[in-house]
Amino acid sequence: MSCEDHSRMKTADEVLNRVRFDQSLDHSRWVVGFMNHDSVTELSFDEFIKTGISHHKIHYFSFCDECVWDRDDRVDNVFQSTPNSKHTIDYYLKIEEELVKKQNDRRKKEKEDKEADQYKHRYDAHHKNGDADKPHLYAIHDHPHHQPEDKPDKCDHSGHGNDHNHSHNHSHNHSH
């Protein structure tokens, strides 16, 4: 169905309900712009809901700093109900998902770098103090990038076929 087939723009109430009840939409990323006396005021979605301000005063909604619904400009990028609409909220959700993934990847790398620096500091301190010929006070498994090798199962798998990927629970009762 193309935008021109829609008879009316979705209302602020419909957008509010979509944001309120769609579990995939993070309320903290939404801002509501509404008429407050002689000027437009912005509040976070949750703060706006708490105020009880009449919904007919809403002028726009922003998601992740992007205006996604604007009554005056007849833009509805939540439901794509007007010809001025370029996207649906799914487009913005995908962008948000990519941003969150990049943030998580960056945080993970920062954590790994910090752990590697701590390991290097311990290593350098060990060698600086002339302890290089003494037993190491740290182990390679402490290194954040070390991946332990799979240790062979202590169970004797002979007679169990060649499948070594299954686990065995060997509980022996030696009471006589």
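Aspartate 70 is buried (under 20% relative accessible area, whereas exposed means over 50% and partly exposed lies in between, with a 1.4 Å probe and protein chains only) and yet has no salt bridge, since the nearest side chain of opposite charge, arginine 71, is 7.1 Å away. A salt bridge here is a side-chain nitrogen of Lys or Arg within 4 Å of a carboxyl oxygen of Asp or Glu, and for charge Lys and Arg count as positive and Asp and Glu as negative, while His and the chain ends are not counted. This is a predicted model, in which local features need pLDDT of at least 70 and side-chain atom pairs count only at pLDDT 80 or more, while totals for chains, interfaces and linings use all residues. Residues are numbered from 1 along each chain as its sequence is written, and side-chain values use heavy atoms, with hydrogens and water left out.

**Surroundings of aspartate 70**

- Aspartate 70 belongs to strand β4, which covers residues 66-70; helices (H or I, at least four residues) and strands (E, at least two) are DSSP runs numbered from the N terminus.
- The side chain of aspartate 70 comes to 2.9 Å from the backbone nitrogen of aspartate 72, and it also reaches the backbone nitrogen of aspartate 73 at 2.9 Å.
- Such a polar contact is a pair of N or O atoms within 3.5 Å, where within protein one atom must be able to donate a hydrogen and the other to accept it, and where residues adjacent in sequence count only if both atoms are side-chain atoms.

**Overall layout**

- The chain holds three helices and five strands, and from the N terminus on its elements follow the order α-β-β-α-β-β-β-α.
- Of the 176 residues in the chain, 23% are buried.

**Strand pairs and hairpins**

- Strand β1 (residues 30-36) and strand β2 (residues 39-44) are paired in the antiparallel sense over six bridges, and two strands are said to pair if DSSP finds at least two bridges between them.
- Within this pair, valine 31 has serine 44 in β2 as its bridge partner, and in the hairpin, which has two residues between the strands β1 and β2, histidine 37 takes a positive phi near 65 degrees.
- Strands β3 and β4 run antiparallel and are joined by four bridges, with phenylalanine 63 standing opposite glutamate 66 in β4.
- The hairpin of β3 and β4 has two residues between the strands, and cysteine 64 takes a positive phi near 55 degrees there.
- Strand β4 also pairs with strand β5 (residues 75-76), in the antiparallel sense and over two bridges, and here tryptophan 69 stands opposite aspartate 76 in β5.
- In the hairpin of β4 and β5, which has four residues between the strands, arginine 74 takes a positive phi near 55 degrees.
- Histidine 59 is found in strand β3 (residues 58-63) and counts as buried because its relative accessible area is 12%.
- Histidine 59 and glutamate 42 are 17 residues apart in sequence, and their C-alpha atoms are 9.8 Å apart in space.

**Salt bridges**

- The count of salt bridges comes to nine, and among them is the one between the side chains of glutamate 14 and arginine 8, at 3.0 Å from N to O.
- Arg8, Lys10 and Glu14 are linked in a network of salt bridges; glutamate 14 is partly exposed, at 23% relative accessible area, and arginine 8 is partly exposed too, at 44%.
- Arginine 29 makes a salt bridge with aspartate 26, whose closest N and O atoms are 3.8 Å apart, and both partners are partly exposed, arginine 29 at 30% and aspartate 26 at 32%.
- Lysine 50 and glutamate 47 form a salt bridge with their closest N and O atoms 3.5 Å apart, and both lie in helix α2 (residues 45-51), three residues apart, which is about one turn of the helix.
- In this pair lysine 50 is exposed, with a relative accessible area of 65%, whereas glutamate 47 is partly exposed at 39%.

- Tyr91, Ile95 and Leu99 make a nonpolar surface patch of about 260 Å², an accessible area that comes from the Shrake-Rupley method with a 1.4 Å probe, where for residues only the protein chains shown count as cover.
- Patches are made of residues with over 30% relative accessible area and no salt bridge, with like charges joined within 9 Å and nonpolar side chains (Val, Leu, Ile, Met, Phe, Trp, Tyr) within 5 Å.
- Tyrosine 91 lies in helix α3, residues 89-128, and is partly exposed with a relative accessible area of 39%.
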